[in-house]
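Please keep the sequence and the structure in view while reading.

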Amino acid sequence: MAQHKVLADAFSLIGQPHHLSIHPGGIVISPGPMTDYVPVQLAPKGFLITQYDHRDVEKIGLPKIDLLGIRALTVLADTAEAIRTTLDPAFDLLNIPPDDEETAVHLQTGQTIGVFQCESSGARRTLRQLNAANLRDLAVANAFFKPGPATGGMAQAFVRRYRGEEQVAFLHPALEPILGSTQGVMLFQEQVLRVATEIAHLSWAEADHLRRGMSKFKADEMAAMRQRFVLGCQEKSDFSKEQATTLWDQVMPFAGYGFNQGHATAYADVSYRSAYLKAHYPAQFLCARLRDYGGFHHPAIYIAEAQRLGIGVRPPHVNFSGRKFTLTTGEPSPILWMGLGQVRDLRRSAVRAIVQAREERPFTNLHDLLSRVDLQKKEISHLIQCGGLDGLGESRAALLAEAADVARAGSAHQLGFDLGLKTKIEAESLAERLAWETAVLGWPVSASPVAVVQDQAADDVPLRYVPRLRNQKTTVAGVRLPGWTGGRGFYFGDGDSFEIVQLQKTAVAKSKIKAWLPARLTGYWREDAWGGGWFEAVDVAILL
């Protein structure tokens with residue numbers, strides 16, 4: 001009986017809120033004290049929140065805004081600071097020219113890895129389709145890439161019209177004032193609102209309901225809204241039934257899945273500044289991108305992009321790295337040093353101590369490091385294994401042996417006696433080095449795993465040259481890079497360049513390619529109508 005009561009009580013809890021959900025950036029505005037308009041309570045972190053959810057807050061007439069941060073703004077600020085530090089003390093992010101030719105080339109060709117809102121394979125294809133060159137083009141591309149405009153039945157027509165390859169036509173002359181600026185195609189939420197109110201003569205409340213999205217309608221609500229929309233177009237704007245129905249079919253997939261124009265333009269401004277910085281200051285930009293995390297891609301993709309652009313990338317080093325990625329402007333090219341914070345089990349206090357100690361003078365060897373910085377045994381071995389002391393000893397293996405001697409002696413200050421009996425330590429192999437880096441850093445950095453099996457890949461075509469061999473059967477060697485392209489396929493790199501690979505079904509059946517596992521792919525370089533390309537693999541061989 002007691003168990004039955006417990007189950008009955010538990011059943012009564014089904015469907016009840018199980019925690020207090022708080023929007024991370026929602027702000028409610030009231031004309032006077034909030035307690036005069038809505039019940040409030042303290043959040044677990046000690047600030048006031050409304051007891052009403054966002055829908056009820058809006059229903060009682062209080063405006064609500066979502067004030068969210070964009071990490072891309074931090075990337076812009078950090079890049080600008082790096083430029084002022086290393087190249088141009090007078091550089092000002094606000095003085096970027098709006099019609100820069102080099103930036104236009106990068107946008108038109110989709111060279112936008114790392115650029116805000118322009119990183120996925122689909123977004124890059126959209127830039128190439130629209131031949132984007134400036135801020136306005138980027139605003140249009142941002143809106144066009146959303147599901148609504150892309151699935152509204154006018155996508156290809158819009159591309160042709162935007163490129164000047166097709167004459168602009170309107171479903172009805174009444175639409176020209178609304179859709180004239182976007183080649184007769186709905187792109188922005190404001191256009192949906194105007195079509196609903198000025199053409200279908202719906203109320204603003206109905207239009208806003210429509211803007212929020214068809215998916216929120218029940219079947220009977222949808223049918224009623226459709227009827228009012230079609231009749232309104234016919235009776236108030238002189239549309240035929242066929243035209244009104246077509247317009248509804250264009251609005252329906254768009255609603256709830258589009259940008260408003262202000263949002264698209266504000267995002268485009270950040271995108272354009274990002275593209276400018278990447279075009280003119282790629283090392284500083286990619287360093288900031290890697291420092292601030294949060295980009296569309298896995299950090300390994302940004303590292304591969306840096307390598308493709310001729311920028312050196314090195315593991316963390318006690319003489320060059322901060323906690324995050326650090327840039328040194330050396331010759332013949334800049335070098336990106338991975339941050340010491342990436343080293344597994346290395347304490348933040350230890351990172352601070354290393355950086356502070358080397359401000360006096362660089363470390364010259366292992367004993368020098370250990371005499372000036374208090375490090376735990378595991379921290380020492382991990383620093384050595386990942387390359388953090390490269391150049392301060394004969395090899396990583398020799399440094400590990402030296403660290404073991406120091407541990408036996410009890411201190412770096414304790415003199416050791418080898419009596420001339422110490423044997424020379426054989427250097428670690430490249431395979432061991434990369435395995436250590438993967439274990440300590442998360443992925444290999446100092447070389448591509450393909451280098452371990454270079455004798456098996458000597459006759460393969462470097463990925464950098466594959467786009468020149470369009471539709472020719474080719475073999476390439478490389479590794480699958482972690483992360484997602486934003487579309488079909490995966491990124492495949494050889495340490496010098498990288499490309500998107502799409503596997504034919506026969507190739508998929510033969511072998512599953514894991515990240516960082518060397519493989520040889522046989523296939524063809526393919527291109528679309530807009531200049532984008534990928535490697536179509538018909539055969540896969542794992543290189544062991």
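**Briefing: helices, salt bridges and surface**

Helices α15 and α16 are roughly antiparallel to each other, because their axes cross at roughly 170 degrees and angles over 145 degrees count as roughly antiparallel. The model is a predicted one. Its protein chain contains 22 helices and twelve strands, and the C-alpha trace spans about 105 × 70 × 65 Å along its principal axes. Of the 544 residues in the chain, 44% are buried.

**Helices**

- Helix α15 covers residues 282–292 and helix α16 covers residues 299–308; their axes come within 10 Å. The crossing of these two helices is left-handed.
- Helix α8 (residues 155–162) is largely enclosed by the rest of the structure, because six of its eight residues are buried. The buried residues of α8 are Ala155, Ala157, Phe158, Val159, Arg161 and Tyr162.
- Gly164 follows α8 and has a positive phi, near 80 degrees.
- Helix α13 contains Pro253, a residue that counts as partly exposed at 24% relative accessibility. The C-alpha atoms of Pro253 and Arg211 are separated by 11 Å, while the two residues are 42 apart along the chain.

**Salt bridges**

- The count of salt bridges in the model comes to 25.
- One of them joins the side chains of Lys5 and Asp9, with an N to O distance of 3.1 Å. These residues are four apart in helix α1 (residues 2–12), so about one helical turn separates them. Lys5 counts as exposed at 53% relative accessibility, whereas Asp9 counts as partly exposed at 40%.
- Glu305 and Arg308 also form a salt bridge through their side chains, at 2.9 Å from N to O. Both residues lie in helix α16, three residues apart, which is about one turn of the helix. Glu305 is buried, with 2% relative accessibility, and Arg308 is partly exposed, with 24%.
- In a further salt bridge, the side chains of Arg347 and Glu379 meet at 2.7 Å, N to O. Arg347 lies in the loop between β7 and α17, and Glu379 lies in helix α19 (residues 377–386), so the pair ties together parts that are 32 residues apart in sequence. Arg347 is partly exposed, with a relative accessible area of 33%, while Glu379 is buried at 1% relative accessibility.
- A network of salt bridges links Arg160, Arg161 and Glu166.

**Loops with a positive phi**

- Asp238 is not a glycine, yet its phi is positive, at about 65 degrees. This residue lies in the loop between α12 (219–237) and α13 (241–254). With 62% relative accessibility, Asp238 counts as exposed.
- Asp345, likewise not a glycine, has a positive phi of about 70 degrees. Its place is in the loop between β7 (335–337) and α17 (348–358). The relative accessible area of Asp345 is 37%, so the residue is partly exposed.

**A nonpolar surface patch**

- Ile27, Ile29, Ile65 and Leu67 make a nonpolar surface patch of about 340 Å².
- Within this group, Ile29 is found in the loop between β1 (26–28) and β2 (40–42). Ile29 counts as partly exposed because its relative accessibility is 41%.

Technical notes
Residues are numbered from 1 along each chain as its sequence is written. Side-chain values use heavy atoms; hydrogens and water are left out. Patches are made of residues with over 30% relative accessible area and no salt bridge: like charges are joined within 9 Å, nonpolar side chains (Val, Leu, Ile, Met, Phe, Trp, Tyr) within 5 Å. Accessible areas come from the Shrake-Rupley method with a 1.4 Å probe; for residues, only the protein chains shown count as cover. A salt bridge is a side-chain nitrogen of Lys or Arg within 4 Å of a carboxyl oxygen of Asp or Glu. Buried means under 20% relative accessible area, exposed over 50%, partly exposed in between (1.4 Å probe, protein chains only). Axes are lines fitted to C-alpha atoms, for helices over the stretch in contact, and angles run from 0 to 180 degrees between N-to-C directions. Angles under 35 degrees count as roughly parallel, over 145 as roughly antiparallel, 65 to 115 as roughly perpendicular and the rest as oblique. A crossing is left-handed if the near helix is turned anticlockwise from the far one by less than a right angle, and right-handed if clockwise.
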